[in-house]
Amino acid sequence: MNDLLVVGLLSASDRAAGGLYRDEGIPSLKEWLSKVILAPALQFEERLIPDDQPTIEKTLRELVDGKGCHLVLTTGGTGPAPRDVTPEATLAVADKVMPGFGEQMRAVSLKYVPTAILSRQLAVVRKQALVINLPGQPKAIKETLDGVFAAVPYCIDLIGGPYIETDEALVKAFRPKSAQRPQPPA
């Protein structure tokens, strides 16, 4: 039984990577995950890089292939601006596209802002990892994760990762009954 969940946190931002402002994406991701995931233990692999497709692709490969991440969350680079290339980089390294995640992330975001239709968020599977492209703002990161994370633990199960348990008061992981582990007696 694997008692460690390796999570890659990748923030793609020219300005933050260049030191022009402080990245808020990675700290927001760490805070959210640390509250929601009860087990297994978490190990974070953090990367702050510019909005550059070859660099993003290389970093995603490193996180999955080299560091053994089970889950990679990216932040930034999902809009329509010329330098927003995170989805293209993610698709370039994908084994399988998971379109339901992008659909749901936009549906969640539309509850808050009409510009959610401009988002190109998506998710893919690469080898043993689920890679999810999230928005760049901390508030939007939380709203999006609150709306889609219930499906993440079972997806990680299906691709061979560790069994993730969540704080059900924050996010109740959904698994079919046949995939649930029995709860220890109280």
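This is a predicted model: local features need pLDDT of at least 70, side-chain atom pairs count only at pLDDT 80 or more; totals for chains, interfaces and linings use all residues.

Reply: Residues are numbered from 1 along each chain as its sequence is written, and side-chain values use heavy atoms, with hydrogens and water left out.

Me: In what order do the six strands of the open sheet lie?

Reply: Strands of a sheet pair through backbone hydrogen bonds, either parallel or antiparallel. Helices (H or I, at least four residues) and strands (E, at least two) are DSSP runs numbered from the N terminus, and two strands pair if DSSP finds at least two bridges between them. Here the order is E3-E1-E4-E7-E6-E5, with mixed pairing. Strand E3 (41–49) and strand E5 (96–97) are at the edges; each has a single partner strand, so one side of each lacks a neighbour in the sheet.

Me: In which sense do strands E1 and E4 pair?

Reply: Strand E1 (residues 4–12) and strand E4 (residues 71–75) are joined in the parallel sense over five bridges. Gly8 stands opposite Val72 in E4.

Me: How do the axes of helices H2 and H6 cross?

Reply: Axes are lines fitted to C-alpha atoms, for helices over the stretch in contact, and angles run from 0 to 180 degrees between N-to-C directions. Helix H2 (residues 25–36) and helix H6 (residues 138–148) have axes that come within 9 Å and cross at roughly 35 degrees. Contact means heavy atoms within 4.5 Å. On H2 the contact is made by Gly25, Ser28, Leu29 and Trp32, and on H6 by Pro138, Ile141, Lys142, Leu145 and Asp146.

Me: Is Arg175 buried or exposed?

Reply: Buried means under 20% relative accessible area, exposed over 50%, and partly exposed in between (1.4 Å probe, protein chains only). Arg175 is buried, because its relative accessible area is 5%. Arg175 lies in the segment after strand E8 (165–166), and its side chain reaches the backbone oxygen of Ile164 at 3.0 Å. Leaving aside neighbours within four places in sequence, Arg175 is in contact with residues including Pro153, Tyr154 and Asp157.

Me: Where is Leu118, and which residues does Leu118 touch?

Reply: Leu118 is in the loop between helix H5 (99–110) and strand E6 (123–126). With a relative accessible area of 46%, Leu118 is partly exposed. Not counting residues up to four places away in sequence, Leu118 touches Thr78, Gly79 and Pro80.

Technical notes: A polar contact is a pair of N or O atoms within 3.5 Å; within protein, one must be able to donate a hydrogen and the other to accept it, and residues adjacent in sequence count only if both atoms are side-chain atoms.
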